[in-house]
Amino acid sequence: MSNLNIRIVTEIGEDLNEQDWVDITNFVKKFPTNVKRSHNVKYYKTKLLNSPYGSSYITRVLNESGSCVGLTTLTRKLFVAMGKKYVSFELGDSYLIKDLQGKSIYSKIINSALLSIEKKEKSNFVYSTPNSLSIPGLIKGGFVIADYKIFERILPLRFDSLFKSFLLKFLFNILIPIY
């Protein structure tokens with residue numbers, strides 16, 4: 001696939017139609033993961049449209065037929081430090097087909113995403129918790145790797161992982177369906 005046959009678009013989540021959401025989830029399902037959470041339309045809509053902090057952004061790489069071949073999200077968050085609240089975005093959910101990897105496309109995705117929120121939002125900062133594949137593109141995009149230690153107690157994302165009982169795990173999966 002040639003770089004000339006793609007386009008990169010960043011949109012606020014509300015601007016996507018149902019087919020866009022289905023296309024995104026079908027694309028993401030092509031990637032292996034060891035994360036047990038669901039990657040279906042409901043998951044992405046809940047995360048990116050129904051956040052208590054407001055709407056989030058999605059940057060997609062679209063091929064000549066308009067299908068998603070790359071993706072990253074900017075999830076709106078609220079960061080609180082020393083009693084002050086700061087609007088922030090977490091850059092994540094980054095995927096890119098193998099044919100486009102190593103061609104600076106990920107850097108272009110990041111640039112599109114950051115330029116969009118810079119124009120439209122009063123964000124105090126953007127952060128990411130990348131995997132090893134994303135780090136080079138993030139550094140090219142202007143991110144700095146921070147070496148910090150967290151000394152606070154952090155609740156696990158998967159509460160059911162705290163228990164060995166099948167019944168408790170089952171109940172947590174029903175009560176918190178996003179996971």
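These legends describe close-up views of a predicted model. Local features need pLDDT of at least 70 and side-chain atom pairs 80 or more, while totals for chains, interfaces and linings use all residues. Residues are numbered from 1 along each chain as its sequence is written, and side-chain values use heavy atoms, without hydrogens and water.

**View 1. Helix 1 packs against helix 2.** Helix 1 covers residues 18-28 and helix 2 covers residues 41-49. Helices here are DSSP runs (H or I, at least four residues), as are strands (E, at least two), numbered from the N terminus. The two axes are 9 Å apart, at an angle of about 110 degrees. Helix 1 and helix 2 are therefore roughly perpendicular (65 to 115 degrees). Helix 1 passes helix 2 in a right-handed crossing, meaning that the near helix is turned clockwise from the far one by less than a right angle.

View 2. Ten side by side: the residues of the helix contact. Helix 1 brings E18, W21, V22, T25 and V28. Helix 2 brings V41, Y44, K45, L48 and L49. Contact means heavy atoms within 4.5 Å. Y43 and Y44 form an edge-to-face aromatic pair. A search of the whole structure finds 6 aromatic pairs. Rings of Phe, Tyr and Trp (its six-membered ring) pair if their centres lie within 6.5 Å, and planes over 60 degrees apart count as edge-to-face. The rings of Y43 and Y44 have centres 5.0 Å apart and planes at 80 degrees. Y43 is buried, at 7% relative accessible area, and Y44 is buried at 0%. Buried means under 20%, exposed over 50%, and partly exposed in between (1.4 Å probe, protein chains only).

**View 3. F79 and F125 pair edge-to-face.** Their centres are 5.1 Å apart, with 85 degrees between the planes. F79 lies in strand 3 (residues 68-81) and F125 in strand 5 (residues 125-128), so the pair ties together parts that are 46 residues apart in sequence. F79 is partly exposed at 40%, and F125 is partly exposed at 28%.

**View 4. F27, F31 and Y95 form one aromatic cluster.** This view shows the three rings of F27, F31 and Y95.

**View 5. M82 and S104 have a positive phi.** Most residues other than glycine have a negative phi. M82 has phi near 50 degrees. M82 sits in the loop between strand 3 and strand 4 (84-96) and is exposed, at 89% relative accessibility. Phi of S104 is about 65 degrees. S104 sits in the loop between strand 4 and helix 3 (105-120) and is partly exposed, at 37%.

Conventions. Axes are lines fitted to C-alpha atoms, for helices over the stretch in contact, and angles run from 0 to 180 degrees between N-to-C directions. Angles under 35 degrees count as roughly parallel, over 145 as roughly antiparallel, 65 to 115 as roughly perpendicular and the rest as oblique. Rings of Phe, Tyr and Trp (its six-membered ring) pair if their centres lie within 6.5 Å; planes under 30 degrees apart count as stacked, over 60 as edge-to-face and the rest as tilted.
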